[in-house]
Amino acid sequence: MRKKHSRMQNQYCTFSYFYLKIKVRKEGNTMEYQTLNNGLKMPIVGFGVFRVPDKKECEESVYQAIKAGYRLIDTAEAYGNEKEVGKGIQLSGIDRKELFIVTKVNFKSYENTRETVLNSLKNLQVDYLDMVLLHWPFGNYYQAWKELEKLYEEGLIKAIGVSNFEPDQLVDLISFNKVKPAINQIETHLYCQRHKHHEWEDKYDVAHMAYAPLGQGKANEMFQEEKVVELSQKYHKTPAQILLRYNVQNGVIVIPKSIHEDRIQENINIFDFKLTEQEMNDLKALDHQQAMIGNPEDPSMVEMAMTW
């Protein structure tokens, strides 16, 4: 149920979105959390920094995100901006305990997982990490996972997980190791909803985390889908907010990325409305069931990844 406000004239602003004029509700940042399989609580909306290579831009966007209320920050060794994320965190002045920091070990570093994690701690200027993921199911990820287990047992990492793992790879990893992944972070958005993946993750108590929840610029037509536009007008939210809310109501952790302050604020303000069951089903019907970014089962994609 949406909160009632006494001063209605301050409750909305007009927002242009892909040529649409939408009256947008301003409030809506009361964070929800998901409890992971080891008892750790994780914010369900976070801030991503993929493809923010400009150092000052990255630092400033992380600072603005924390200022806007984000407490989950997601980066990776391969992004090349851990230092800037760390500087943005320091600039914010926030207590470290209030943040949930996620980074990832690149598959080319799996033979040196411990050194990579220790370097991430240094880059991010922290003495522990809330979550470390294996970025891709390539290379010697079994050896890398064994090392993450040790770091987890030592307390340097609060939870460990994987990214871009298919259900069969996930089941295999769980079956032959001590610590179960807390997260599987995979491409998930309106056109790639991953319901089958989610079913397997639920079966093994692995949380589903979405990267590119807004399509990473590869499918902007999703914002103009008739049903999405209809819902944005009904709830006085932007199409992006509707799509993020859809994922969140499906129990998916999302990490939208932006370098623009208004969009940063917009993406986290999705907790003052709820889609109906019928609306959820209408959006589910728009699934194309096709990954556009990260598909480790595509040999050509894997071949290209070896050049990264």
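Figure 1. Glu230 is partly exposed, with a relative accessibility of 42%, whereas Lys227 is buried at 19%. Here buried means under 20% relative accessible area, exposed means over 50%, and partly exposed lies in between (1.4 Å probe, protein chains only). The model is predicted: local features need pLDDT of at least 70, side-chain atom pairs count only at pLDDT 80 or more, and totals for chains, interfaces and linings use all residues. Residues are numbered from 1 along each chain as its sequence is written, and side-chain values use heavy atoms, with hydrogens and water left out. The side chains of Glu230 and Lys227 form a salt bridge, with an N to O distance of 3.0 Å; a salt bridge is defined as a side-chain nitrogen of Lys or Arg within 4 Å of a carboxyl oxygen of Asp or Glu. Both residues belong to helix H7, three residues apart, about one turn of the helix. Helices (H or I, at least four residues) and strands (E, at least two) are DSSP runs, numbered from the N terminus. Lys227 also meets Asp282 in a salt bridge of 3.2 Å, N to O. Because Lys227 lies in helix H7 and Asp282 in helix H10 (residues 277-284), this pair ties together parts that are 55 residues apart in sequence. Asp282 is partly exposed, at 24% relative accessibility.

Figure 2. Glu199 and Lys196 are both located in helix H6, three residues apart, about one turn of the helix. Their side chains meet in a salt bridge at 3.8 Å, N to O. Glu199 is partly exposed, with a relative accessible area of 47%, and Lys196 is exposed, with 58%. Elsewhere, a network of salt bridges links Arg114, Glu147 and Glu154. The count of salt bridges comes to 14.

Figure 3. Most residues other than glycine have a negative phi. Asp205 has a positive phi, near 60 degrees, and is placed in the loop between helix H6 (195-203) and strand E11 (207-211). Asp205 is partly exposed, at 45% relative accessibility. His236 likewise has a positive phi, near 55 degrees. The loop between helix H7 (226-235) and H8 holds His236, which is partly exposed at 24% relative accessibility.

Figure 4. Helix H8 (residues 239-249) is mostly covered, with ten of its eleven residues buried. Among the buried residues are Pro239, Ile242, Leu243, Arg245 and Val248. Gly251, which follows H8, has a positive phi near 80 degrees. Ile44 lies in the loop between strand E4 (41-43) and strand E5 (47-48), and is buried, with a relative accessible area of 5%. Neighbours within four places in sequence aside, Ile44 is in contact with residues including Met31, Tyr33, Val248, Gly251, Ile253 and Phe271; contact means heavy atoms within 4.5 Å.

**Figure 5. Tyr142 in helix H4.** Tyr142 is situated in helix H4 (residues 141-154) and is partly exposed, with a relative accessible area of 26%. Residues up to four places away in sequence not being counted, Tyr142 touches Asp172, Leu173, Phe176 and Asn177. Tyr142 and Glu57 are 85 residues apart along the chain, and their C-alpha atoms are separated by 36 Å.

**Figure 6. A positive surface patch of lysines.** Lys55, Lys56, Lys83, Lys87 and Lys122 form a positive surface patch. Patches are made of residues with over 30% relative accessible area and no salt bridge; like charges are joined within 9 Å, and nonpolar side chains (Val, Leu, Ile, Met, Phe, Trp, Tyr) within 5 Å. Lys and Arg count as positive and Asp and Glu as negative, while His and the chain ends are not counted. The place of a charge is taken as NZ of Lys, CZ of Arg, CG of Asp or CD of Glu. Accessible areas come from the Shrake-Rupley method with a 1.4 Å probe; for residues, only the protein chains shown count as cover. Helix H1 (55-68) and helix H2 (82-92) each contribute at least two residues to the patch. Lys122 is located in helix H3 (residues 113-124) and is exposed, at 66% relative accessibility.
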